[in-house]
Amino acid sequence: MKRSSVFVSLCVCFLAAVNSQVIINSPCQNVTIEQNFDLPRYLGRWYEYRRFFTFFELNGKCVTATYSDNLNGTIEVRNYQVDSNTNVSDVIVGYASQNSDTDEGKLIVTFPTAGSDGDYWILDTDYDKYSVVWSCSTSGDQSVQFSWILTREIEPSAATLAAIDSVVAANGLASEKYLPVDQINCPPNP
């Protein structure tokens with residue numbers, strides 16, 4: 001391999017690692033998306049229980065996502081976290097829209113102040129206890145993946161965790177890459 005090719009490959013990998021999350025040494029796998037997705041039932045507050053590493057959530061604890069109807073065909077996305085080092089809270093507000101002519105749980109989430117948008121695929125949810133969210137992009141023989149485990153309760157039951165683990169395994173997600181999210185001694189959400 002030419003030296004310039006190696007350099008370009010290293011630069012791509014570095015940029016992916018800085019801006020993204022988990023790099024897997026294979027293309028994006030086929031996953032099952034939530035069918036007959038019921039957006040109104042998905043609204044409300046979700047606690048982040050586990051996640052793949054994300055640069056924008058570095059040192060984040062007490063993370064929640066709250067979804068509400070904008071009454072214009074989009075939903076407001078309000079993500080909240082507290083920096084575990086400084087104890088300073090942060091909120092970013094964006095919006096989501098369904099990214100499908102079908103009834104699948106495929107959303108596009110946009111955060112205008114961050115100048116970014118991305119896929120938000122709901123692999124499975126029961127709406128009342130858990131949601132497994134995933135996003136992936138392939139570059140060559142590698143993929144860059146995001147994933148979040150969201151729960152309605154701070155401490156989900158063993159049965160809920162078993163259901164989540166089943167979804168993760170069935171979709172071939174890298175279960176060892178999930179990091180726990182600290183939800184202890186959290187201040188009230190705004």
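Predicted model: local features only at pLDDT ≥ 70, side-chain atom pairs only at ≥ 80, totals over all residues.
Q: Why is Glu104 called buried?
A: Buried means under 20% relative accessible area, exposed means over 50%, and partly exposed lies in between (1.4 Å probe, protein chains only). Glu104 has 19% relative accessibility and therefore counts as buried. Lys106, at 18%, is likewise classed as buried.

Q: Which residues do salt bridges with shared partners join into one network?
A: The network consists of Glu48, Arg51 and Glu57. Within it, the side chains of Glu57 and Arg51 meet at 3.6 Å, N to O. Both Glu57 and Arg51 are buried.

Q: How many salt bridges does the rule give?
A: The count comes to 6 salt bridges. One of them links Arg41 with Asp128, whose closest N and O atoms are 3.6 Å apart.

Q: Why is the pair of Arg41 and Asp128 said to tie together parts that are apart in sequence?
A: Arg41 lies in helix H2 (residues 39–42), whereas Asp128 lies in the loop between strand S7 (116–125) and strand S8 (130–139), so the pair ties together parts that are 87 residues apart in sequence. Helices (H or I, at least four residues) and strands (E, at least two) are DSSP runs, numbered from the N terminus.

Q: Why is Arg41 called partly exposed?
A: Arg41 has 41% relative accessibility and therefore counts as partly exposed.

Q: How do you know that strand S2 pairs with strand S3?
A: Two strands pair if DSSP finds at least two bridges between them. Strand S2 (residues 44–51) and strand S3 (residues 60–69) have 4 bridges in the antiparallel sense, so they meet the definition. Arg45 has Thr66 as its bridge partner in S3.

Q: What joins S2 to strand S10?
A: S2 and S10 (residues 179–180) run antiparallel and are joined by 2 bridges, so they pair under the rule of at least two. Arg50 stands opposite Pro180 in S10.

Technical notes:
Residues numbered from 1 in each chain as written. Heavy atoms only, no water. Salt bridge = Lys/Arg side-chain N within 4 Å of Asp/Glu carboxyl O.
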